[in-house]
Amino acid sequence: MKAVKLTKLVQEMNLKNLTPEVDMEHVRITLPDINRPALQLTGYFEHFASERVQIIGYVEYTYLMHLNPEERKRSFENFVSKQIPCVIFTTMTEPDEDMLDMGRKYNVPILVTEKTTSNFMAEIIRWLNVQLAPCISIHGVLVDVYGEGVLIMGESGIGKSEAALELIKRGHRLVSDDVVEISKVSDVELVGTAPDITRHFIELRGIGIIDVKTLFGVESVKNTQSIDLVIKLEEWSRDKEYDRLGLKEEYTEILGNKVVCHSLPIRPGRNLAVIVESAAVNHRQKKMGYNAAQELYNRVQANLAKKKED
């Protein structure tokens, strides 16, 4: 199961730690969901999602402040004693000293943010969804071509890295070569990145490893990119029938998400970089509502209908 260190969450969300005595190094967040403990503060703990990040907003805070000191202390102690990962106070609310003491007693970090509850919840859920998304590693090359994430796949030695290098020289950006780590951040979006150890490097057979960022500049690389299109390179076969119109989209499935996929036959003399560029632009055009293949089909049909009338 994937997990995020609480220390990383604190750093990314710019949270203020009110209990520095509590060791946060061992605390891990395993779920992207959060919990607002309204009912739990009243003493109802059935179906309590104690493994989630706990957020106390203005409503929960004012409820606690309306209790007398003994009731407030008892209510908060019952809450933090349930082995929760942390408590975050939002909307510039400040826990009192009794609450901080309960956090120290049960080793629960007490954190504060100045952001409003709704905005902070949206931000932390989005961030945790990305960090905890299902992830796989595949063999391929990921490039950003005109803003479209193109994943180039194929057998080893078929020319994926060479195509990527030509695309970089034409002004596009490399995300990852050889190994692409793909995360499913939603049911419609996949995001690819490079392993830390190989980031910005390309392997070229006969030359070796080159550093793209150093050779071509920082504008030639990118850390992450959504995957919009998959291009599979394969050896050209005389016996195979290849799609020449593109009326019907083909898809490949990655982590349960369907991605448009094109199979490109490789023959000497074919400029792969230009073909990949054209595929990316055509895909973008289709997303904007224009399909060249469909337009040609409509013209042919209209021409046939006209000839029948004549």
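In which helix is Ala279 found?

Guide: In this predicted model, Ala279 belongs to helix 9. Its relative accessibility is 14%, so Ala279 counts as buried, the cut-off for that class being under 20%. Leaving aside neighbours within four places in sequence, the contacts of Ala279 are Leu229, Ile231 and His262. Val150 is 129 residues away from Ala279 along the chain, yet 9.1 Å separate their C-alpha atoms.

Helix 9 lies across strand 9, strand 10, strand 17 and strand 19, and its direction makes about 135° with strand 10. These strands belong to an open sheet of six, with mixed pairing and the order 11-9-10-17-19-18. At its edges stand strand 11 (173–176) and strand 18 (251–254); each has a single partner strand, so one side of each is left without a neighbour in the sheet. On average, neighbouring strands of the sheet are turned by 35° against each other, direction ignored. Within the sheet, strand 10 and strand 17 are paired in the parallel sense over five bridges, and Met153 has Lys232 of strand 17 as its bridge partner. Helix 7 also packs on the sheet, where it touches strand 9, strand 10, strand 11 and strand 17, at about 20° to the direction of strand 9.

In soluble globular proteins, nonpolar side chains tend to be buried together. The largest nonpolar core here has 28 residues, and those touching the most other members are Val143, Val150, Ile152, Ile202, Ile231 and Leu233. Two or more residues of this core come from each of strand 9 (141–145), strand 10 (148–154), helix 7 (160–169), strand 14 (201–204), strand 17 (229–235), strand 19 (257–266) and helix 9 (272–287). Another core, of 20 residues, lies apart from it and includes Val10, Met13, Ile34 and Val53. Returning to Val143, its contacts beyond four places in sequence include Val150, Ile152, Ala164, Leu167 and Leu174.

On the scale of the whole chain, the domain assignment gives domain 1 (2–130) and domain 2 (133–295). Their centres, taken over C-alpha atoms, are 42 Å apart. An unreviewed UniProt entry annotates residues 4–128 as "domain: HPr(Ser) kinase/phosphorylase N-terminal". Over that span the chain is 42% helix and 14% strand, with 8 Å between the end C-alpha atoms.

Technical notes
Residues numbered from 1 in each chain as written. Predicted model: local features only at pLDDT ≥ 70, side-chain atom pairs only at ≥ 80, totals over all residues. Heavy atoms only, no water. Core = buried A, V, L, I, M, F, W, Y, C linked by side-chain atoms within 4.5 Å. Buried < 20%, exposed > 50% of the residue type's maximum accessible area, 1.4 Å probe, protein only. Helix = DSSP H or I, 4+ residues; strand = E, 2+ residues; numbered from the N terminus. Contact = heavy atoms within 4.5 Å. Pairing = 2+ DSSP bridges. Axes fitted to C-alpha atoms, helices over the stretch in contact; angles between N-to-C directions. Domains from an automatic or database assignment. UniProt positions renumbered as here; feature names shortened; annotations may be inferred.
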